[in-house]
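Please look through the sequence and the model below before reading my comments. I have kept them in numbered points so that each can be checked on its own.

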Amino acid sequence: MTIKQKLYLALTFLSLVILLLGGVGSYYLVRLARDAEAIIKDNYRTLDYMQYFQQGLDEIQFGLLNFDSSARDKIDENRKMIENSLYAQLENITEPGEKQMSQALFSNYDRFNASLQDFLARSVFDTGFVRGRLHLAIKEMKDQSRQIYLLNEQSMLAKNEKAKKTADQVVLYMSVFGISAVVIAILFLIVFPPFIANPIMRLNEAIKEIAKGNYKYKLKVISNDEFGELSNSFNLMASRLEEFENSNLAKLMFEKRRLDEVINQMNEAILGLNESKEVIFANERILKLIGC
């Protein structure tokens, strides 16, 4: 496997870890958002509707207890608020059994409203019996609305508990994946840089040895990737340099011996000096003259 392939594989693996971490996080965040939306949409609105409904009944009941000419308009105003709440509730049925309870409440309100219209049509002095029936109907409707309220409140608490468990799962899974990603990243930081740097350092040391003239120095081939090919090329170069060095040295030695023979055959005394006035060659004639 080449270094490029290893790099691609490592980067692909890290990308998959990141994508997996992001995917798990996104999935559970969507679940949390969906659970929270369900609580608000399905149950919290019903709690509001029932509160408005009971508030309207309280205002009507207060108006019946203190009925006068100004109370009629206030009763009509609260009747509209109660009807709006009931219609909205019928459009927001979410829990098992809630539809039957809401329809029963609506039916009771229809009967209550008919009795209330009868009450408002009578004179103040002729409403005692009807007023008693209205109070009983109000009490019954309050009980029904309270049951709907409790049903949705319990469901909301259950959904909230479910959302809490989902949040705990998110924290757990994200922690596990986060720690795993950190461990993998640390392993890459520990393993991968030496994988690249060590062969380069060995090559640098080998080049220094060659520069010193140590052509016998060889690199160990420990992989089949580009570094292995580079080691083979370096060893081949060192071998060629060693051959070249040996070849040139042999030629120089041969030429030196031939030059020595030529100088020794001459009758004149010959002495060779370099620029530092050091003797580099002398023939036998001059050696005899100087007694060496």
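The points below go from the chain as a whole to single residues.

1. This is a predicted model, in which local features need pLDDT of at least 70 and side-chain atom pairs count only at pLDDT 80 or more, while totals for chains, interfaces and linings use all residues. Residues are numbered from 1 along each chain as its sequence is written, and side-chain values use heavy atoms, with hydrogens and water left out.

2. The protein chain has six helices and two strands, where helices (H or I, at least four residues) and strands (E, at least two) are DSSP runs numbered from the N terminus. Read along the sequence, these elements follow the pattern α-α-α-α-α-β-β-α.

3. Of the 292 residues in the protein chain, 28% are buried; buried means under 20% relative accessible area, exposed means over 50%, and partly exposed lies in between, with a 1.4 Å probe and protein chains only.

4. The largest nonpolar core has 23 residues, of which I60, L64, F112 and L116 touch the most other members. Such a core is a set of buried Ala, Val, Leu, Ile, Met, Phe, Trp, Tyr and Cys residues joined through side-chain atoms within 4.5 Å. The elements that give two or more residues to this core are α1, α2 (69–90), α3 (98–121) and α4, and α3 gives the most, with seven residues. Apart from this core lies another, of seven residues, including I210, Y215, F234 and A238.

5. Leaving aside neighbours within four places in sequence, L116 is in contact (heavy atoms within 4.5 Å) with I60, L64, I75, R79 and L134.

6. Which residues does K142 contact, leaving aside its neighbours within four places in sequence? They are Q54, L57, D58 and Q61. K142 has its place in helix α4, and K142 counts as buried because its relative accessible area is 16%.

7. N43 belongs to helix α1 (residues 3–65), and N43 is buried because its relative accessibility is 0%. The side chains of N43 and N152 are joined by a polar contact of 3.1 Å; this term stands for a pair of N or O atoms within 3.5 Å, where, within protein, one must be able to donate a hydrogen and the other to accept it, and residues adjacent in sequence count only if both atoms are side-chain atoms.

8. For contrast, please turn to V191, which is found in helix α4 (residues 128–211). V191 is exposed because its relative accessible area is 55%.
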